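Have a look at the model first, then read on.

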Amino acid sequence: MNKLATYAVSEENSRGRKFAEPRAQGRSEFQRDRDRIIHSSAFRRLEYKTQVFVNHEGDLFRTRLTHSIEVAQIARSISRRLNLNEDLTEAISLAHDLGHTPFGHAGQDALNECMQSYGGFEHNLQSVRVVDVLEERYADFDGLNLCFETREGMLKHCTLTRAAQLAELGERFMMGRRPSLEGQIANLADEIAYNNHDVDDGLRSGLITLEQLTEVPLVSRHLQQVRESYPGLTERRVVHETVRRMINTLVSDLIRQSAENIAGHNLMTLDDVRQAPLLIGFSPEMQQAQRALKKFLNTHLYRHYRVMRMSAKAQRIIRDLFGVFIADPRLLPTQFQSVKTQSEHVHARVVADYIAGMTDRYAVREHKRIFAVEEAAF
Ligand code: MG
């Protein structure tokens, strides 16, 4: 690893872990966090969870696991170039989606609706809940006991009411302060990753075409370059060459602009980072280019009727499951019943944890097991 900038997160300025543990041998504390995340069961389940496409739609689409790995790759490159803590950036990136429900945003929206009278459901908070409470792996504590900065980086946004209940993790929201630069990088690497892989998956699925995409300046500029440099190249390679150039352009712009922002703020310490405005960001031109791409994906991919049908089906599954488990807790698997529910709120949270932890296919099967009457689905 490069020599860290004085304002990077380091083991020296870290606020450490909630439960004291002997120092890691032969690896940094943030590498240790990364390793704990990779060995968690929530991480393994990401393989069968999706963002846009339902998992069984095809084997070539991104899942949340491959998405998280792509985010980590992008975030590490940026972090290293800016002399920031690459290990921490990697840990945050790999953990950022751990709390996602099955069926991507459709699933999250449905579960949030179901949970309205019980405090709502937010995947970002759920990711923190997974690493703080839900993973059961260690003898001495619940969760993974990750370093403060890893947890803080995972919590991208939060309402003030919620922040007030989150103790030290909510502090920065209450005080209007910023997360570490490493956390800021993971957040934007997420955006770079999904915009680009959604273009790729969208094309692969046939829901959008290269022809349509020429209306997006960021795409058409690179597409034209590729077509001019390689006349007669197969369509598949044209797409890949275009997407990889787009990622490169976005990453280079982000590094350039962020370095300039950092230099302009005379940062010396991590505390300076927290008090400064957000410093990791794209240039104004690139922000605009990204917005145009997002707008395109919104209109042509995320609201495509076939995606809408998948979403509608997904939401029905989530609502049905939530409804039966709330009405009759005896239908929950035994280990979820063992939590002696003092109140309806606690019970609803147990149900939400159970549903949020499901993979796409597990949710489909569970729905069948409970609702299907025509076959031996029990
Ligand atoms: Mg993500």
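Start with a salt bridge: the side chains of Glu 113 and Arg 319 meet at 3.8 Å, N to O. A salt bridge here is a side-chain nitrogen of Lys or Arg within 4 Å of a carboxyl oxygen of Asp or Glu. Keep in mind that this is a predicted model, where local features need pLDDT of at least 70 and side-chain atom pairs count only at pLDDT 80 or more, while totals for chains, interfaces and linings use all residues. Residues are numbered from 1 along each chain as its sequence is written, and side-chain values use heavy atoms, leaving out hydrogens and water.

**The two domains**
- The domain assignment (automatic or from a database) gives domain 1 as 29-306 and domain 2 as 311-377.
- Their C-alpha centres sit 28 Å apart.

**Contacts and buried area**
- Contact (heavy atoms within 4.5 Å) links 27 residues of domain 1 with 23 residues of domain 2.
- About 2200 Å² is buried between domain 1 and domain 2, with 64% from carbon and sulfur atoms; buried area is the accessible area (1.4 Å probe) that two parts lose on being put together, summed over both.
- On the domain 1 side, Tyr 48, Phe 103 and Tyr 118 lose the most area to domain 2, together 30% of what that side buries.

**Charges and helices**
- Two salt bridges are counted between domain 1 and domain 2.
- α5 (104-114) and α6 (123-134) are the elements that give two or more residues to the side of domain 1 touching domain 2; helices are DSSP runs of H or I, at least four residues, numbered from the N terminus.
- α5 gives the largest share of that side, seven residues.
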